[in-house]
Amino acid sequence: MSRRPLSIWEKERKEQFDKKLREYSTECLEQIHLIATKGLDMRTRLLANQYIVDKCFGKDYKAIDSGMESLTSNVTINLIPTGETYQQNKEDEQEIWEVENNIIIDDTSDLDDEWGEDDIYMG
């Protein structure tokens, strides 16, 4: 079943509608952007942002491919020292080695056994 052809009057109305739509589209987009950035309600801002993204990229747009989610990758962070430079000593090297090799050393022997017994809040 196909659409019936528009009459001359209907064609004229459609042209007027399309013209008005083009005129108001910029203002509407500005209003939606205003809501997206300055709306009082977080949900309203989210919906306005979602509307903009849906119109730009389509509803099924995914920034990350679903196949990529299962991949793990290592991130290398290069720290650039500023100011004083740190000099590593043997104790630090040993502690780093223990942490990297999952060696847990219980060094809680110096803690008081009656911890918290005399810490009564008298508020």
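The model is predicted, so local features need pLDDT of at least 70 and side-chain atom pairs count only at pLDDT 80 or more, while totals for chains, interfaces and linings use all residues. Residues are numbered from 1 along each chain as its sequence is written, and side-chain values use heavy atoms, with hydrogens and water left out.

Start with the overall plan. The protein chain has 3 helices and 0 strands. Helices here are DSSP runs of H or I with at least four residues, strands are E runs of at least two, and numbering starts from the N terminus. Along the sequence, the pattern reads α-α-α.

The protein chain exposes about 13100 Å². Carbon and sulfur atoms supply 55% of that area. Accessible areas come from the Shrake-Rupley method with a 1.4 Å probe, and for residues only the protein chains shown count as cover. Of the 123 residues, 4% count as buried. Buried means under 20% relative accessible area, exposed means over 50%, and partly exposed lies in between (1.4 Å probe, protein chains only).

Now follow helix H1, which covers residues 8–38. Its 31 residues should span 45 Å at 1.5 Å a residue, and the end C-alpha atoms are 44 Å apart, which agrees. The expected span is 1.5 Å times one less than the number of residues. H1 also bends, by about 35° at tyrosine 24. That bend is the angle between axes fitted to the seven residues ending there and the seven starting there.

Charged side chains come next. The count comes to 3 salt bridges. A salt bridge is a side-chain nitrogen of Lys or Arg within 4 Å of a carboxyl oxygen of Asp or Glu. One of them joins glutamate 10 to arginine 4, at 2.9 Å from N to O. Glutamate 10 counts as partly exposed because its relative accessibility is 22%. Arginine 4, at 57%, counts as exposed.

Another salt bridge links aspartate 18 and lysine 14, with the closest N and O atoms 3.0 Å apart. Why are these two about one helical turn apart? They are 4 residues apart in helix H1. An α-helix has 3.6 residues a turn, so residues three or four places apart point the same way. Aspartate 18 is partly exposed at 24%, and lysine 14 is partly exposed at 43%.

Move on to helix H2, residues 42–57. H2 has 16 residues and reaches 22 Å from its first C-alpha to its last, close to the 22 Å expected. Just after H2, glycine 58 takes a positive phi of about 95°. Aspartate 54 and lysine 59 meet in a salt bridge of 3.7 Å, N to O. Lysine 59 is exposed, at 70%.

At 38% relative accessibility, valine 53 counts as partly exposed. Val53 forms a nonpolar surface patch with Phe57 and Tyr61, and together they have about 310 Å² of accessible area. Patches take residues with over 30% relative accessible area and no salt bridge; like charges are joined within 9 Å, nonpolar side chains (Val, Leu, Ile, Met, Phe, Trp, Tyr) within 5 Å.

Finish at asparagine 101, in the segment after helix H3 (90–100). A polar atom of its side chain lies 2.7 Å from the backbone oxygen of tryptophan 97. Asparagine 101 counts as partly exposed, at 39% relative accessibility.

Methods: Polar contact = N/O pair within 3.5 Å; in protein donor to acceptor, adjacent residues only side chain to side chain.
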